[in-house]
Amino acid sequence: MSVRNPGPLGAGPLGASAPDGVLARLGALFRTTAFKLSLAYLLIFAAFAFFALGYVAWNARRVLDDQIVSTIEAEINGLSDQYASGGIRRLVGVVERRSREPGASLYLVTTPAGEHVVGNVEALPPGVLAAPGQTETAYGRGTDGDRLDHRAIVRIFTLPGGFRLLVGRDVEERDRLRAVIGRAFAWSLMLVVGLGFLGSWFIAQRVLKRVDHMTEITRGIMAGDLDGRLTLAGNGDELDRLASNLNAMLDRIGELMRGMREVSDNIAHDLKTPLTRLRNKADAALREGDDPDSLRAALEANIEESDNLIRVFNALLMIARLEAGNAREGLADFDAGAVALEVAELYEAVAEERGVALRAEVEDGLVLHGSRELIGQAMANLIDNALKYGQKTGIATEGPMVRVAARRENGSVVLTVADRGEGIPEAERGRVLERFVRLETARTRPGFGLGLSLVNAVARLHQGTFTLEDNAPGLRATLRLPALPRDQAVRESAA
(Lines give C-alpha, C1' and ligand atoms only; values in the text may rest on other atoms or scores of the structure.)
Protein backbone atom coordinates (compact mmCIF):
# COMPACT_ATOMS: atom_id res chain seq x y z
CA MET A 1 0.00 0.00 0.00
CA SER A 2 1.36 3.39 -0.98
CA VAL A 3 0.87 6.55 1.01
CA ARG A 4 0.83 9.89 -0.80
CA ASN A 5 3.15 12.49 0.69
CA PRO A 6 1.08 15.60 1.48
CA GLY A 7 4.14 17.82 1.15
CA PRO A 8 5.29 20.49 3.56
CA LEU A 9 2.78 22.07 5.85
CA GLY A 10 1.24 25.10 4.21
CA ALA A 11 2.18 24.05 0.68
CA GLY A 12 -1.36 23.02 -0.21
CA PRO A 13 -4.52 25.11 -0.53
CA LEU A 14 -5.35 24.85 3.16
CA GLY A 15 -1.98 26.20 4.20
CA ALA A 16 -2.17 29.05 1.69
CA SER A 17 -5.62 30.24 2.79
CA ALA A 18 -4.41 32.05 5.90
CA PRO A 19 -1.74 34.18 4.14
CA ASP A 20 -4.20 34.92 1.35
CA GLY A 21 -6.75 36.10 3.92
CA VAL A 22 -4.17 38.33 5.58
CA LEU A 23 -3.12 39.80 2.24
CA ALA A 24 -6.74 40.40 1.27
CA ARG A 25 -7.35 42.10 4.61
CA LEU A 26 -4.28 44.29 4.19
CA GLY A 27 -5.30 45.14 0.63
CA ALA A 28 -8.75 46.21 1.81
CA LEU A 29 -7.11 48.20 4.61
CA PHE A 30 -4.77 50.05 2.27
CA ARG A 31 -7.61 50.88 -0.13
CA THR A 32 -9.70 52.61 2.54
CA THR A 33 -10.22 56.34 2.27
CA ALA A 34 -9.16 56.79 5.90
CA PHE A 35 -5.78 55.17 5.21
CA LYS A 36 -5.24 57.24 2.07
CA LEU A 37 -6.14 60.48 3.85
CA SER A 38 -3.91 59.62 6.80
CA LEU A 39 -1.08 58.78 4.41
CA ALA A 40 -1.58 62.08 2.59
CA TYR A 41 -1.46 63.98 5.90
CA LEU A 42 1.64 61.99 6.83
CA LEU A 43 3.41 62.98 3.62
CA ILE A 44 2.49 66.63 4.12
CA PHE A 45 3.69 66.57 7.72
CA ALA A 46 6.88 64.72 6.76
CA ALA A 47 7.62 67.31 4.08
CA PHE A 48 7.01 70.10 6.59
CA ALA A 49 9.25 68.37 9.14
CA PHE A 50 11.94 67.90 6.47
CA PHE A 51 12.01 71.59 5.60
CA ALA A 52 11.77 72.67 9.25
CA LEU A 53 14.65 70.44 10.38
CA GLY A 54 16.64 71.38 7.29
CA TYR A 55 16.19 75.04 8.11
CA VAL A 56 17.32 74.41 11.70
CA ALA A 57 20.44 72.58 10.49
CA TRP A 58 21.28 75.28 7.93
CA ASN A 59 20.72 78.04 10.44
CA ALA A 60 22.86 76.27 13.05
CA ARG A 61 25.72 75.97 10.56
CA ARG A 62 25.39 79.62 9.60
CA VAL A 63 25.54 80.68 13.26
CA LEU A 64 28.63 78.56 13.84
CA ASP A 65 30.29 79.98 10.74
CA ASP A 66 29.52 83.51 11.94
CA GLN A 67 31.05 82.72 15.31
CA ILE A 68 34.18 81.30 13.65
CA VAL A 69 34.51 84.38 11.43
CA SER A 70 34.08 86.64 14.49
CA THR A 71 36.85 84.73 16.29
CA ILE A 72 39.12 85.06 13.26
CA GLU A 73 38.40 88.80 13.10
CA ALA A 74 39.38 89.14 16.75
CA GLU A 75 42.63 87.22 16.13
CA ILE A 76 43.42 89.39 13.13
CA ASN A 77 42.84 92.58 15.09
CA GLY A 78 45.23 91.39 17.80
CA LEU A 79 47.95 90.37 15.33
CA SER A 80 47.55 93.69 13.48
CA ASP A 81 48.30 95.53 16.69
CA GLN A 82 51.37 93.35 17.26
CA TYR A 83 52.58 93.92 13.68
CA ALA A 84 52.05 97.67 13.97
CA SER A 85 54.07 97.89 17.16
CA GLY A 86 56.95 95.48 16.39
CA GLY A 87 56.94 94.65 12.70
CA ILE A 88 57.42 91.25 11.14
CA ARG A 89 59.75 89.98 13.86
CA ARG A 90 57.27 90.61 16.63
CA LEU A 91 54.47 89.14 14.54
CA VAL A 92 56.48 85.96 13.97
CA GLY A 93 57.17 85.66 17.71
CA VAL A 94 53.51 86.07 18.62
CA VAL A 95 52.42 83.56 15.96
CA GLU A 96 55.01 81.05 17.15
CA ARG A 97 53.79 81.34 20.74
CA ARG A 98 50.14 81.04 19.83
CA SER A 99 50.78 78.10 17.51
CA ARG A 100 52.04 76.04 20.47
CA GLU A 101 48.82 76.61 22.46
CA PRO A 102 46.17 73.86 22.18
CA GLY A 103 42.91 74.77 20.46
CA ALA A 104 41.26 75.21 17.08
CA SER A 105 43.06 78.42 16.09
CA LEU A 106 45.37 78.21 13.04
CA TYR A 107 48.30 80.45 12.16
CA LEU A 108 50.86 80.50 9.36
CA VAL A 109 53.50 82.97 8.20
CA THR A 110 55.32 82.28 4.91
CA THR A 111 57.98 83.97 2.83
CA PRO A 112 57.18 85.62 -0.48
CA ALA A 113 58.21 82.31 -2.10
CA GLY A 114 55.70 80.38 0.02
CA GLU A 115 58.24 78.82 2.38
CA HIS A 116 57.00 78.02 5.89
CA VAL A 117 58.31 80.46 8.54
CA VAL A 118 56.20 79.73 11.58
CA GLY A 119 52.74 78.36 12.41
CA ASN A 120 50.76 75.20 13.11
CA VAL A 121 49.61 74.68 9.49
CA GLU A 122 51.90 72.31 7.65
CA ALA A 123 50.21 71.73 4.31
CA LEU A 124 47.68 73.55 2.12
CA PRO A 125 46.23 72.86 -1.30
CA PRO A 126 48.14 74.58 -4.14
CA GLY A 127 47.14 78.16 -4.85
CA VAL A 128 45.41 78.87 -1.54
CA LEU A 129 48.07 81.37 -0.33
CA ALA A 130 48.09 83.12 -3.72
CA ALA A 131 44.47 84.31 -3.26
CA PRO A 132 44.14 86.78 -0.37
CA GLY A 133 40.79 86.88 1.41
CA GLN A 134 38.51 84.49 3.30
CA THR A 135 37.93 80.92 2.20
CA GLU A 136 37.21 77.44 3.50
CA THR A 137 39.92 74.95 2.66
CA ALA A 138 41.53 71.68 3.61
CA TYR A 139 44.82 71.69 5.47
CA GLY A 140 47.31 69.45 7.25
CA ARG A 141 48.67 69.96 10.76
CA GLY A 142 52.35 69.73 11.66
CA THR A 143 51.93 66.15 12.96
CA ASP A 144 50.09 64.95 9.87
CA GLY A 145 52.74 65.54 7.29
CA ASP A 146 51.27 66.33 3.88
CA ARG A 147 47.86 64.81 4.53
CA LEU A 148 45.01 67.28 4.00
CA ASP A 149 42.53 65.60 6.36
CA HIS A 150 41.28 68.69 8.23
CA ARG A 151 39.12 71.62 7.19
CA ALA A 152 39.17 75.22 8.31
CA ILE A 153 37.90 78.69 7.57
CA VAL A 154 40.92 80.95 6.95
CA ARG A 155 41.79 84.52 5.97
CA ILE A 156 45.02 85.30 4.08
CA PHE A 157 46.85 88.62 4.07
CA THR A 158 49.89 89.84 2.10
CA LEU A 159 52.22 91.80 4.37
CA PRO A 160 54.74 94.45 3.30
CA GLY A 161 57.79 92.75 1.85
CA GLY A 162 55.73 89.93 0.30
CA PHE A 163 55.25 87.89 3.47
CA ARG A 164 51.87 86.14 3.80
CA LEU A 165 49.87 85.69 6.98
CA LEU A 166 47.16 83.02 7.39
CA VAL A 167 44.76 83.15 10.33
CA GLY A 168 42.00 80.56 10.62
CA ARG A 169 39.84 78.29 12.71
CA ASP A 170 39.36 74.55 12.49
CA VAL A 171 35.75 73.54 11.70
CA GLU A 172 35.90 70.02 13.13
CA GLU A 173 33.49 70.97 15.93
CA ARG A 174 31.11 72.48 13.40
CA ASP A 175 31.25 69.34 11.26
CA ARG A 176 30.72 67.15 14.31
CA LEU A 177 27.68 69.19 15.33
CA ARG A 178 26.47 69.03 11.75
CA ALA A 179 26.76 65.23 11.83
CA VAL A 180 24.80 65.12 15.10
CA ILE A 181 22.09 67.30 13.61
CA GLY A 182 22.05 65.14 10.49
CA ARG A 183 21.57 61.97 12.51
CA ALA A 184 18.84 63.62 14.57
CA PHE A 185 17.25 64.79 11.31
CA ALA A 186 17.25 61.28 9.88
CA TRP A 187 15.94 59.66 13.07
CA SER A 188 13.25 62.31 13.42
CA LEU A 189 12.02 61.71 9.89
CA MET A 190 12.07 57.95 10.44
CA LEU A 191 10.14 58.39 13.69
CA VAL A 192 7.58 60.69 12.06
CA VAL A 193 7.07 58.34 9.12
CA GLY A 194 6.93 55.25 11.34
CA LEU A 195 4.48 56.71 13.84
CA GLY A 196 2.44 58.24 11.03
CA PHE A 197 2.22 54.91 9.22
CA LEU A 198 1.19 53.12 12.43
CA GLY A 199 -1.37 55.83 13.12
CA SER A 200 -2.74 55.53 9.58
CA TRP A 201 -2.97 51.77 9.95
CA PHE A 202 -4.74 52.07 13.31
CA ILE A 203 -7.25 54.64 12.05
CA ALA A 204 -7.91 52.74 8.83
CA GLN A 205 -8.36 49.46 10.70
CA ARG A 206 -10.79 51.09 13.12
CA VAL A 207 -12.80 52.61 10.28
CA LEU A 208 -12.66 49.38 8.28
CA LYS A 209 -13.93 47.44 11.28
CA ARG A 210 -16.96 49.71 11.54
CA VAL A 211 -17.55 49.57 7.80
CA ASP A 212 -17.34 45.76 7.87
CA HIS A 213 -19.86 45.72 10.70
CA MET A 214 -22.18 48.00 8.74
CA THR A 215 -21.72 45.82 5.65
CA GLU A 216 -22.63 42.70 7.63
CA ILE A 217 -25.82 44.32 8.91
CA THR A 218 -26.82 45.58 5.46
CA ARG A 219 -26.30 42.09 4.04
CA GLY A 220 -28.65 40.78 6.69
CA ILE A 221 -31.20 43.44 5.74
CA MET A 222 -30.89 42.51 2.05
CA ALA A 223 -31.36 38.86 3.05
CA GLY A 224 -34.74 39.71 4.59
CA ASP A 225 -34.08 41.00 8.12
CA LEU A 226 -35.90 44.29 7.59
CA ASP A 227 -35.83 45.09 11.31
CA GLY A 228 -32.02 45.27 11.35
CA ARG A 229 -30.48 48.68 11.90
CA LEU A 230 -26.95 50.03 11.74
CA THR A 231 -25.22 50.47 15.09
CA LEU A 232 -24.22 54.00 16.12
CA ALA A 233 -20.91 54.54 17.92
CA GLY A 234 -22.34 57.63 19.63
CA ASN A 235 -19.44 59.97 18.79
CA GLY A 236 -21.31 61.88 16.07
CA ASP A 237 -18.67 61.32 13.36
CA GLU A 238 -19.37 60.99 9.63
CA LEU A 239 -20.03 57.24 9.92
CA ASP A 240 -22.55 57.88 12.69
CA ARG A 241 -24.29 60.49 10.55
CA LEU A 242 -24.33 58.09 7.60
CA ALA A 243 -25.68 55.26 9.77
CA SER A 244 -28.34 57.55 11.24
CA ASN A 245 -29.52 58.64 7.79
CA LEU A 246 -29.54 55.04 6.54
CA ASN A 247 -31.55 53.97 9.60
CA ALA A 248 -34.03 56.78 8.93
CA MET A 249 -34.27 55.63 5.31
CA LEU A 250 -34.84 52.03 6.43
CA ASP A 251 -37.51 53.20 8.87
CA ARG A 252 -39.25 55.06 6.06
CA ILE A 253 -39.02 52.04 3.76
CA GLY A 254 -40.40 49.90 6.57
CA GLU A 255 -43.32 52.30 7.02
CA LEU A 256 -44.09 52.19 3.30
CA MET A 257 -43.94 48.39 3.23
CA ARG A 258 -46.17 48.15 6.29
CA GLY A 259 -48.51 50.58 4.58
CA MET A 260 -48.59 48.35 1.51
CA ARG A 261 -49.35 45.30 3.64
CA GLU A 262 -52.06 47.23 5.47
CA VAL A 263 -53.56 48.38 2.19
CA SER A 264 -53.57 44.82 0.91
CA ASP A 265 -55.17 43.54 4.12
CA ASN A 266 -57.67 46.37 4.21
CA ILE A 267 -58.64 45.88 0.60
CA ALA A 268 -59.12 42.18 1.27
CA HIS A 269 -61.31 42.80 4.32
CA ASP A 270 -63.01 46.20 3.95
CA LEU A 271 -63.77 46.00 0.23
CA LYS A 272 -65.12 42.49 0.51
CA THR A 273 -68.41 43.79 1.92
CA PRO A 274 -69.23 46.30 -0.86
CA LEU A 275 -68.18 43.82 -3.52
CA THR A 276 -70.39 41.16 -1.97
CA ARG A 277 -73.24 43.65 -1.76
CA LEU A 278 -72.71 44.55 -5.42
CA ARG A 279 -72.79 40.89 -6.41
CA ASN A 280 -75.88 40.16 -4.33
CA LYS A 281 -77.77 43.08 -5.87
CA ALA A 282 -76.92 41.89 -9.36
CA ASP A 283 -77.96 38.33 -8.46
CA ALA A 284 -81.24 39.53 -6.94
CA ALA A 285 -81.96 41.58 -10.03
CA LEU A 286 -81.45 38.51 -12.23
CA ARG A 287 -83.67 36.35 -10.06
CA GLU A 288 -86.45 38.80 -9.15
CA GLY A 289 -86.30 41.50 -11.80
CA ASP A 290 -89.34 40.75 -13.96
CA ASP A 291 -90.17 44.27 -15.04
CA PRO A 292 -87.98 46.98 -16.57
CA ASP A 293 -88.40 49.37 -13.62
CA SER A 294 -86.97 46.94 -11.07
CA LEU A 295 -84.10 46.05 -13.40
CA ARG A 296 -83.36 49.76 -13.92
CA ALA A 297 -83.40 50.37 -10.16
CA ALA A 298 -81.01 47.43 -9.65
CA LEU A 299 -78.67 48.77 -12.32
CA GLU A 300 -78.70 52.23 -10.77
CA ALA A 301 -77.90 50.77 -7.35
CA ASN A 302 -75.02 48.77 -8.83
CA ILE A 303 -73.68 51.87 -10.60
CA GLU A 304 -73.82 53.82 -7.32
CA GLU A 305 -72.00 51.00 -5.52
CA SER A 306 -69.39 50.86 -8.31
CA ASP A 307 -68.85 54.60 -8.08
CA ASN A 308 -68.22 54.22 -4.35
CA LEU A 309 -65.64 51.54 -5.05
CA ILE A 310 -63.95 53.75 -7.68
CA ARG A 311 -63.75 56.59 -5.17
CA VAL A 312 -62.17 54.25 -2.64
CA PHE A 313 -59.54 53.09 -5.11
CA ASN A 314 -58.85 56.67 -6.20
CA ALA A 315 -58.38 57.68 -2.56
CA LEU A 316 -56.03 54.74 -1.98
CA LEU A 317 -54.00 55.65 -5.06
CA MET A 318 -53.81 59.28 -3.96
CA ILE A 319 -52.65 58.33 -0.44
CA ALA A 320 -50.02 55.98 -1.89
CA ARG A 321 -48.73 58.73 -4.21
CA LEU A 322 -48.58 61.24 -1.37
CA GLU A 323 -46.75 58.89 1.00
CA ALA A 324 -44.27 57.99 -1.74
CA GLY A 325 -43.63 61.69 -2.45
CA ASN A 326 -44.74 61.40 -6.09
CA ALA A 327 -47.26 64.26 -6.00
CA ARG A 328 -44.81 67.18 -6.02
CA GLU A 329 -45.53 68.32 -9.56
CA GLY A 330 -47.34 71.62 -9.88
CA LEU A 331 -46.25 72.95 -6.49
CA ALA A 332 -46.52 76.73 -6.23
CA ASP A 333 -46.96 79.57 -3.74
CA PHE A 334 -50.59 80.24 -2.74
CA ASP A 335 -52.66 81.78 0.05
CA ALA A 336 -53.76 78.97 2.37
CA GLY A 337 -56.20 81.29 4.15
CA ALA A 338 -58.04 81.95 0.90
CA VAL A 339 -58.26 78.20 0.23
CA ALA A 340 -59.70 77.53 3.69
CA LEU A 341 -62.25 80.32 3.22
CA GLU A 342 -63.31 79.03 -0.23
CA VAL A 343 -63.82 75.47 1.05
CA ALA A 344 -65.80 76.74 4.05
CA GLU A 345 -68.06 78.74 1.72
CA LEU A 346 -68.67 75.62 -0.39
CA TYR A 347 -69.92 73.74 2.70
CA GLU A 348 -72.15 76.55 4.02
CA ALA A 349 -75.19 75.18 2.23
CA VAL A 350 -74.58 71.65 3.52
CA ALA A 351 -74.07 72.98 7.06
CA GLU A 352 -77.29 75.02 6.85
CA GLU A 353 -79.20 71.98 5.58
CA ARG A 354 -77.95 69.93 8.58
CA GLY A 355 -78.68 72.71 11.02
CA VAL A 356 -75.04 73.21 11.91
CA ALA A 357 -73.54 76.68 12.19
CA LEU A 358 -70.28 77.04 10.22
CA ARG A 359 -67.91 79.92 11.00
CA ALA A 360 -64.58 80.81 9.40
CA GLU A 361 -61.87 83.05 10.90
CA VAL A 362 -59.02 83.56 8.46
CA GLU A 363 -55.97 85.85 8.59
CA ASP A 364 -54.52 87.47 5.48
CA GLY A 365 -51.17 86.71 3.88
CA LEU A 366 -50.86 83.01 4.86
CA VAL A 367 -48.67 82.04 1.91
CA LEU A 368 -47.57 78.41 1.52
CA HIS A 369 -45.47 76.62 -1.06
CA GLY A 370 -47.28 73.46 -2.04
CA SER A 371 -50.33 72.08 -3.81
CA ARG A 372 -53.42 74.25 -3.62
CA GLU A 373 -55.66 71.36 -4.73
CA LEU A 374 -54.34 68.94 -2.08
CA ILE A 375 -54.67 71.49 0.75
CA GLY A 376 -58.22 72.21 -0.45
CA GLN A 377 -59.00 68.47 -0.50
CA ALA A 378 -57.63 68.07 3.03
CA MET A 379 -59.73 70.98 4.34
CA ALA A 380 -62.81 69.56 2.59
CA ASN A 381 -62.30 66.19 4.28
CA LEU A 382 -61.95 67.82 7.71
CA ILE A 383 -65.02 70.04 7.30
CA ASP A 384 -67.05 67.11 5.93
CA ASN A 385 -66.10 64.98 8.96
CA ALA A 386 -66.92 67.84 11.33
CA LEU A 387 -70.36 68.27 9.78
CA LYS A 388 -71.01 64.52 10.00
CA TYR A 389 -69.91 64.03 13.60
CA GLY A 390 -69.91 67.61 14.92
CA GLN A 391 -73.00 67.54 17.14
CA LYS A 392 -73.85 65.33 20.09
CA THR A 393 -77.15 63.66 19.66
CA GLY A 394 -79.80 65.16 21.93
CA ILE A 395 -77.47 67.77 23.49
CA ALA A 396 -78.00 71.45 22.79
CA THR A 397 -74.90 73.58 22.41
CA GLU A 398 -74.38 77.28 22.03
CA GLY A 399 -72.20 79.12 19.55
CA PRO A 400 -70.79 77.84 16.28
CA MET A 401 -70.89 74.06 15.95
CA VAL A 402 -68.02 73.94 13.42
CA ARG A 403 -65.28 76.56 13.38
CA VAL A 404 -62.68 76.88 10.60
CA ALA A 405 -59.61 78.97 11.43
CA ALA A 406 -56.39 79.88 9.60
CA ARG A 407 -53.59 81.83 11.28
CA ARG A 408 -49.81 82.28 11.40
CA GLU A 409 -48.00 80.92 14.43
CA ASN A 410 -44.22 80.67 14.99
CA GLY A 411 -43.33 80.60 11.31
CA SER A 412 -46.07 78.11 10.43
CA VAL A 413 -49.53 78.31 8.89
CA VAL A 414 -52.03 76.64 11.22
CA LEU A 415 -55.31 75.43 9.69
CA THR A 416 -57.88 74.27 12.25
CA VAL A 417 -61.33 72.67 12.02
CA ALA A 418 -63.06 72.30 15.39
CA ASP A 419 -66.47 70.84 16.22
CA ARG A 420 -68.56 70.18 19.33
CA GLY A 421 -69.39 66.58 18.63
CA GLU A 422 -68.58 63.39 20.48
CA GLY A 423 -64.88 63.64 19.64
CA ILE A 424 -62.40 60.75 19.48
CA PRO A 425 -60.92 59.05 22.55
CA GLU A 426 -57.26 59.94 23.04
CA ALA A 427 -56.20 56.30 22.72
CA GLU A 428 -57.83 56.08 19.29
CA ARG A 429 -56.55 59.35 17.76
CA GLY A 430 -53.42 57.79 16.30
CA ARG A 431 -55.23 54.75 14.97
CA VAL A 432 -57.91 56.70 13.07
CA LEU A 433 -55.16 58.14 10.83
CA GLU A 434 -54.63 54.67 9.35
CA ARG A 435 -56.48 53.48 6.27
CA PHE A 436 -59.98 52.01 6.61
CA VAL A 437 -60.09 52.58 10.37
CA ARG A 438 -63.57 53.56 11.58
CA LEU A 439 -64.75 53.75 15.16
CA GLU A 440 -67.85 51.89 16.24
CA THR A 441 -69.82 55.12 16.60
CA ALA A 442 -69.12 55.99 12.93
CA ARG A 443 -70.03 52.70 11.29
CA THR A 444 -73.70 53.72 10.94
CA ARG A 445 -72.71 56.67 8.77
CA PRO A 446 -71.46 56.50 5.16
CA GLY A 447 -67.74 56.41 4.55
CA PHE A 448 -64.73 54.12 4.24
CA GLY A 449 -62.26 55.56 6.79
CA LEU A 450 -59.84 57.12 4.29
CA GLY A 451 -60.46 60.84 4.83
CA LEU A 452 -58.12 61.40 7.78
CA SER A 453 -55.47 59.16 6.18
CA LEU A 454 -55.50 61.42 3.14
CA VAL A 455 -55.18 64.55 5.32
CA ASN A 456 -52.21 63.05 7.17
CA ALA A 457 -50.51 62.15 3.87
CA VAL A 458 -51.03 65.72 2.57
CA ALA A 459 -49.44 67.14 5.74
CA ARG A 460 -46.38 64.89 5.40
CA LEU A 461 -45.99 65.81 1.73
CA HIS A 462 -45.76 69.48 2.74
CA GLN A 463 -43.28 68.74 5.61
CA GLY A 464 -46.02 69.55 8.11
CA THR A 465 -47.93 67.79 10.86
CA PHE A 466 -51.53 66.76 11.42
CA THR A 467 -52.86 66.35 14.96
CA LEU A 468 -56.20 65.56 16.60
CA GLU A 469 -56.90 67.20 19.96
CA ASP A 470 -59.71 67.52 22.48
CA ASN A 471 -61.91 70.57 21.86
CA ALA A 472 -63.75 70.14 25.22
CA PRO A 473 -66.23 69.12 23.97
CA GLY A 474 -65.65 67.83 20.49
CA LEU A 475 -62.61 67.38 18.31
CA ARG A 476 -60.06 69.89 16.99
CA ALA A 477 -58.15 68.84 13.86
CA THR A 478 -55.02 70.91 13.19
CA LEU A 479 -52.84 71.12 10.10
CA ARG A 480 -49.50 72.83 10.82
CA LEU A 481 -47.54 73.64 7.66
CA PRO A 482 -44.30 75.62 7.10
CA ALA A 483 -45.07 79.16 5.91
CA LEU A 484 -43.06 81.41 3.63
CA PRO A 485 -41.33 84.35 5.38
CA ARG A 486 -43.49 87.46 5.67
CA ASP A 487 -41.39 89.57 3.30
CA GLN A 488 -41.47 86.84 0.66
CA ALA A 489 -45.19 86.38 1.20
CA VAL A 490 -45.72 90.12 0.64
CA ARG A 491 -43.78 89.95 -2.61
CA GLU A 492 -45.77 86.93 -3.76
CA SER A 493 -49.04 88.69 -2.93
CA ALA A 494 -47.94 91.84 -4.79
CA ALA A 495 -46.95 89.77 -7.82
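How many salt bridges does the structure hold? The structure holds 18 of them, a salt bridge being a side-chain nitrogen of Lys or Arg within 4 Å of a carboxyl oxygen of Asp or Glu.

## Basis of the model

This is a predicted model, in which local features need pLDDT of at least 70 and side-chain atom pairs count only at pLDDT 80 or more, while totals for chains, interfaces and linings use all residues. Residues are numbered from 1 along each chain as its sequence is written, and side-chain values use heavy atoms, with hydrogens and water left out.

## The antiparallel sheet

An open sheet is formed by 6 strands in the order β2-β1-β6-β5-β4-β3, with antiparallel pairing; strands are DSSP runs of E with at least two residues, helices are runs of H or I with at least four, and both are numbered from the N terminus. Two strands pair if DSSP finds at least two bridges between them. The edge strands are β2 (116–119) and β3 (121–123), each of which pairs on one side only. Neighbouring strands of this sheet are turned by 40 degrees against each other on average, direction ignored, with axes taken as lines fitted to C-alpha atoms (for helices over the stretch in contact) and angles running from 0 to 180 degrees between N-to-C directions.

Strand β1 (residues 105–110) pairs with β2 in the antiparallel sense over 3 bridges, and V109 stands opposite V118 in β2.

## The mixed sheet

A sheet of 5 strands, also open, has the order β8-β10-β11-β13-β12 and mixed pairing. Because β8 and β12 (465–470) stand at the edges with a single partner strand each, one side of each is left without a neighbour in the sheet. The twist from one strand to the next averages 15 degrees. Within this sheet, β11 (residues 412–419) and β13 (residues 475–482) pair in the antiparallel sense over 7 bridges, and V417 stands opposite A477 in β13.

Side chains of opposite charge can pair when their charged atoms come close. The side chains of R155 and E73 meet in a salt bridge at 2.1 Å, N to O. This pair links distant parts of the chain, with R155 in strand β5 (residues 150–158) and E73 in helix α2 (residues 33–100), 82 residues apart. E73 counts as partly exposed at 28% relative accessibility, where buried means under 20% relative accessible area, exposed over 50%, and partly exposed in between (1.4 Å probe, protein chains only).

E361 forms a salt bridge with R403, the closest N and O atoms being 2.3 Å apart. Here E361 lies in strand β8 (residues 358–362) and R403 in strand β10 (residues 402–409), 42 residues apart. E361 is partly exposed at 44% relative accessible area, and R403 is partly exposed at 31%. Salt bridges that share partners also join D65, E136, R151, R174 and D175 into one network.

D251 and R229 form a salt bridge, with their closest N and O atoms 2.8 Å apart. Since D251 lies in helix α4 and R229 in the loop between α3 (172–222) and α4, the pair ties together parts that are 22 residues apart in sequence. M257 also has its place in helix α4 (residues 238–270), and M257 is partly exposed with a relative accessible area of 34%.

The 18 residues of helix α9 (residues 372–389) should span 26 Å at 1.5 Å a residue, which agrees with the 26 Å between its end C-alpha atoms; the expected span is 1.5 Å times one less than the number of residues. Buried residues in α9 include L374, I375, L382 and I383.
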